[in-house]
Every structure is written in C-alpha cells, then in structure tokens.
Amino acid sequence: MLSEPASGAPAARLAERLRARNPVVRAFFEREAPRLAVASREMADRFANGGRLYAFGNGPYATDAAHVSVEFIHPVIVGKRALPALDASAAPDAFVDGLVEAGDMAIAFGPPEGDHRVLSALRAARRKGAFTVAWPGTEADYAVTAPDDDPHVHQEIFEVLGHTLHVYLEHRGELGDDVGASAFLYPYLGAAQPDAASIDDEVAASIRAKARDGEALREQVADEQAGAIADAVVAMRARFAAGGRLLTLGNGGSATDATDFALDCMLGVPDMPAIPAISLAAEPAVLSAIANDVGTELTFLRQLAAQARPNDVAFAFSTSGGSKNVVAALEAARKRGLLTVALLGYDGGEIVRRGLADHAIVVRCDYIPRIQETQAAVYHVMRAALGEPDAA
C-alpha cells in the first residue's frame, strides 16, 4: 500500500536532493541540444542506410549500454519497428574488431573521469568509419565532458541523452510507418517534410522541452513522494541491519535500472558501505529457461523462491505497475515475509490497487522515458540515503 508521507528532516533532505538535479540538467541540455540534434540526425541517416548501433560500458555503465540497446530493439517509446542495436559491454574491443563496419554507430558510456577501456574501443570504431559517441570523452564525433562530478547525476543525464536520440528517428519515414498515436509528441512532423538539416532547430527545441518535462516531474516527485521515499529507506535500513539483502527486479529498461541499483549497492563508495544485492533481472540464462519451460509470469517468482532469505528486501521496478511477472514476484515476496518496495509509474497500477508493496513510490506520469529518468533519480537518492546513519 502507499505509505503515509513522512515528515521532518529526512524527507526534506531527499526532496532537496531531487530538486538539486534540475539546474544541472537544465544547463546541460540548453548547451547540448543543438549538437545532440545533429548527432541524432546522423544516427537516423545511418540506421536508414542499414547501420547498426553498438553500445558498451563497464560496471554500472554497462547497464546504460543495455538500456540504449533495448530502447532501439524494442522501441515502445514510439511504436516503431526494431532497429539493430547491441550491448557490446562484455568485450568491446572484440565486438568492434569483428563486427563494426563503416556505416555503423558506437556509443561508449563511462564514469565522470572516463573509462580508458571503452574509449579505446570507441577510437577503434571511429577508425573503421563508425559514427562515435563518447559519454563522456573528448575523442568522438559527438563527445561531451562529464556534466557533473556526482556519478549518479552524471548517469541520469546520459539516460536522458539516450532517450532523445529517438527524435530524428521519428522524422525518417523510411524507418517505419507514420507515428500514429505518438504524433502529438512530435508536433513539427507532417506530411510535407523539409530536408533533415532544416529542422535541426526544431529538434533541438524538442530536446530542450523533454528535459524541461523531466525537471517538472522531479519537482513533482519531490513534492509528493519524498515522505514515501524516506519511509522506504528507513524500512530497508532496518532489514539490512538485520542481515537482509536487496533483491531487485524489472523488465526491459526497468531491468537495466534494477541491475544498476543492485550494482550501486554492491560496489559501494568511500564512507558508504556496500549493501548485499542481487539483480534478478541480470540472469539471462535463468530468465530464458524459466520463460521457456514454465512461462514468463514466473521468471522472477521462481528466482525469489530460490534466492529469498529472511529480512531480504524485494525491490520492484515497473513503469506500468502491472507487469505480470513483477506482480507474481511481489505476491510471493509478501508471503515469505520479505519487505516489498516498488518504484512505479502511471498511477501505480495493480501493485498499488492490490497493496502488494509495503512501500510504493509512484512517479505519476504516463510517458515511459520520463518515468524511467525520474525513477533513476529516485533510486540514486535512496542509495545515497541508505549509506547515511540517519537514513536520509
């Protein structure tokens, strides 16, 4: 069920941490929107000519590569056909050497200080004629320096960047059918199209508008959900103090967020002890075996049955609040006495209606990219709060 809002300093500090992201994000996209528009046009051209996208990163940044890949292969954002993208994080150099061709694209994700391994692979891709994107870096066709020293804020901004790469894809008729019901998201599109270069300014304006929408949503969550977030942090800390672990789960882009949160907890940072965590979404062999043999609805439930221990926390990500395998897992978690926490979109869906989460944090929005971007800010501020003695 939705928890009663907490009051006092912990909730206020969490709200402030969410709001503090807004000026950083605003300044970045005001500056970068024109260059990002040109980069997205180049990528649309390459996809139209048969190019493929390769993305790679290390550790938590491998989840960013996976997120980009799933957004292009399964573009629920715009209802378009699948576009060829691949998470090449397992072996960037080998993927570049064996697969990348002149008309392809490559994106390297890394921490604010950069990552030599992935940037080396990116340079090799550029030498082969691929269009390269360094987030962050200096040697690429589209490179940006770190927008913030905080690795969490840095990572959140790059998630927004990844989502905005779709803007020009909406403009290219040869990449699929018309935008249909999604047309209202791109009001500058029409039957008679000018050449791509002439709409760069409009695309840049659209990118800035998306960033402003995200800003408003973070402000809304700070206003409405800070108490719920603080309550969840307090309850999770109590479980961890008693020996519990974090079990995260989610589908698609939410799976990459579940894995990122688990990695953030396991890796820890100076003065912030690691938290034992397992991402149930990061087991492709297990997921496909369960889906094939007994059904997709049981992919997380069966893992919970094997992994869950007393005092564990089941932390579910869902933009809809109604994913059947997430619902089934939360039902099982509650029967086993786990603390259940859910980070949701829309109105919280079935998970809220049925009270399946002891703590439900709802990003009240119906547009998946903005939901995911705001959810990233929420679980990042939660991770920071979990490492502090006063729980916020």
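The following paragraphs lead through the predicted model, from its overall composition to individual side chains.

Residues are numbered from 1 along each chain as its sequence is written, and side-chain values use heavy atoms, with hydrogens and water left out. Because the model is predicted, local features need pLDDT of at least 70 and side-chain atom pairs count only at pLDDT 80 or more, whereas totals for chains, interfaces and linings use all residues.

The secondary structure of the protein comprises 13 helices and 10 strands; these are DSSP runs numbered from the N terminus, with helices being H or I of at least four residues and strands E of at least two. Of the 392 residues in the protein, 57% are buried, where buried denotes under 20% relative accessible area, exposed over 50% and partly exposed in between (1.4 Å probe, protein chains only). The protein exposes about 15400 Å², of which carbon and sulfur atoms supply 53%; the areas come from the Shrake-Rupley method with a 1.4 Å probe, and for residues only the protein chains shown count as cover. Among contacts (heavy atoms within 4.5 Å) between residues at least 6 apart in sequence, 73% join residues at least 24 apart.

An open sheet of 5 strands runs in the order S2-S1-S3-S4-S5, with parallel pairing; two strands pair if DSSP finds at least two bridges between them. Its edge strands, each pairing on one side only, are S2 (85–87) and S5 (142–143). Strand S4 (residues 131–135) joins S5 in the parallel sense over 2 bridges, and alanine 134 has alanine 143 in S5 as its bridge partner. An aromatic cluster is formed by Phe109, Trp135, Tyr142 and Phe158.

Among the helices, H3 (residues 60–73) has 14 residues and reaches 21 Å from its first C-alpha to its last, close to the 20 Å expected at 1.5 Å a residue; the expected span is 1.5 Å times one less than the number of residues. Since 11 of the 14 residues of H3 are buried, this helix is largely enclosed by the rest of the structure. The buried residues of H3 include Tyr61, Asp64, His67, Glu71 and Phe72.

Helix H2 (residues 21–48) contains asparagine 22, which counts as buried because its relative accessibility is 4%. Leaving aside neighbours within four places in sequence, asparagine 22 is in contact with Glu215, Arg218 and Glu219. Its side chain makes a polar contact of 2.7 Å with the side chain of arginine 218. A polar contact is a pair of N or O atoms within 3.5 Å; within protein, one must be able to donate a hydrogen and the other to accept it, and residues adjacent in sequence count only if both atoms are side-chain atoms.

The structure holds 10 aromatic pairs. Rings of Phe, Tyr and Trp (its six-membered ring) pair if their centres lie within 6.5 Å; planes under 30 degrees apart count as stacked, over 60 as edge-to-face and the rest as tilted. Phenylalanine 261 and phenylalanine 315 form an edge-to-face pair, 4.9 Å centre to centre with 70 degrees between the planes. This pair links distant parts of the chain, 54 residues apart: phenylalanine 261 in helix H8 (residues 253–267) and phenylalanine 315 in strand S8 (residues 313–318). Phenylalanine 261 counts as buried at 0% relative accessibility, and phenylalanine 315 is buried with a relative accessible area of 0%. The rings of phenylalanine 261 and phenylalanine 317 are also edge-to-face, because their centres lie 6.3 Å apart and their planes stand at 80 degrees. Here helix H8 and strand S8 are linked by residues 56 apart, and both phenylalanine 261 and phenylalanine 317 are buried.
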